[in-house]
Amino acid sequence: MKKDFKIPVSTNVGLAIVKHDEDDYYEAYIINQKDVAIEQIMVNISAYKDDKKTSDMRRVIKVMPANTGEKIENILPEVLEFKTTYLISYFIDNTLYDKKIIVENPDFSTSTLISPIGKEGIMLW
């Protein structure tokens with residue numbers, strides 16, 4: 001039965017983390033660098049460190065046009081130390097794609113311009 005399911009590899013959809021311009025927090029964005037729109041995007045976010053755990057967050061985005069970004073959460077600096085898992089699911093032409101991105105102690109020394117959102121940050125694929 002499991003062999004009947006074909007789950008294609010997710011490419012050109014990732015996560016960007018950027019420092020907010022004026023305040024002391026960070027922002028997470030879903031980035032669609034595909035040449036087509038993605039639809040029915042579901043993001044599940046959970047984080048933990050030692051015996052501490054954040055509440056699970058879920059975000060739904062109906063449509064993201066090609067080469068765009070969408071903010072999904074604000075991140076406090078102390079939460080950046082947590083191991084955070086982003087589960088991203090989306091559709092293209094009735095085909096389901098899944099991606100898992102794990103963030104732990106991100107290194108902002110490699111920040112670059114993320115063109116779909118016009119901000120400096122790090123990209124995680």
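The model is predicted, so local features need pLDDT of at least 70 and side-chain atom pairs count only at pLDDT 80 or more, while totals for chains, interfaces and linings use all residues. Residues are numbered from 1 along each chain as its sequence is written, and side-chain values use heavy atoms, with hydrogens and water left out.

**Cores**

A nonpolar core is a set of buried Ala, Val, Leu, Ile, Met, Phe, Trp, Tyr and Cys residues joined through side-chain atoms within 4.5 Å. Buried means under 20% relative accessible area, exposed means over 50%, and partly exposed lies in between (1.4 Å probe, protein chains only). The largest core has 23 residues, of which Leu15, Ile30, Ile41, Val43, Ile72, Tyr86 and Tyr90 touch the most other members. Two or more residues of this core come from each of strands S1 (13-19), S2 (26-32), S3 (38-49), S5 (57-64), S6 (68-75), S7 (83-92) and S8 (95-103). Strands (E, at least two residues) are DSSP runs, as are helices (H or I, at least four), and they are numbered from the N terminus. Another core, of 6 residues, lies apart from the largest one and includes Ala16, Val18, Tyr29 and Ile114.

Contact means heavy atoms within 4.5 Å. Not counting residues up to four places away in sequence, Val43 touches Ile30, Met57, Arg58, Arg59, Ile72, Tyr86, Leu87 and Ile88.

Ala16, in strand S1, counts as buried because its relative accessibility is 0%. Leaving aside neighbours within four places in sequence, its contacts are Glu27, Ala28, Tyr29, Ile31, Ile114, Ile117, Ile122 and Met123. The C-alpha atoms of Ala16 and Glu120 are separated by 9.2 Å, although these residues are 104 apart along the chain.

**Strand pairing**

**Largest pocket**

On a 1 Å grid over the protein atoms alone, a pocket is an open set of points where a 1.4 Å probe fits, with protein on both sides within 12 Å along at least five of seven lines; its lining residues have an atom within 4 Å of a point. A volume is the space filled by probe spheres set on the points, which are joined across faces, edges and corners.

The largest pocket has a volume of about 190 Å³. Its lining comprises 19 residues, with Ala47, Glu73, Ile75, Val79 and Thr84 nearest the centre. S3, S6 and S7 each give two or more residues to this lining.

Thr84, in strand S7, counts as buried because its relative accessibility is 9%. Beyond four places in sequence, Thr84 is in contact with Ile45, Ser46, Ala47, Val79, Ile101, Ile102 and Val103.

**Residues with positive phi**

Most residues other than glycine have a negative phi. Asn12, in the segment before S1, has a positive phi near 60°; this residue is partly exposed, at 38% relative accessible area. Asn105 has a positive phi near 50° and lies in the loop between S8 and strand S9 (112-114). Asn105 counts as exposed because its relative accessibility is 51%.
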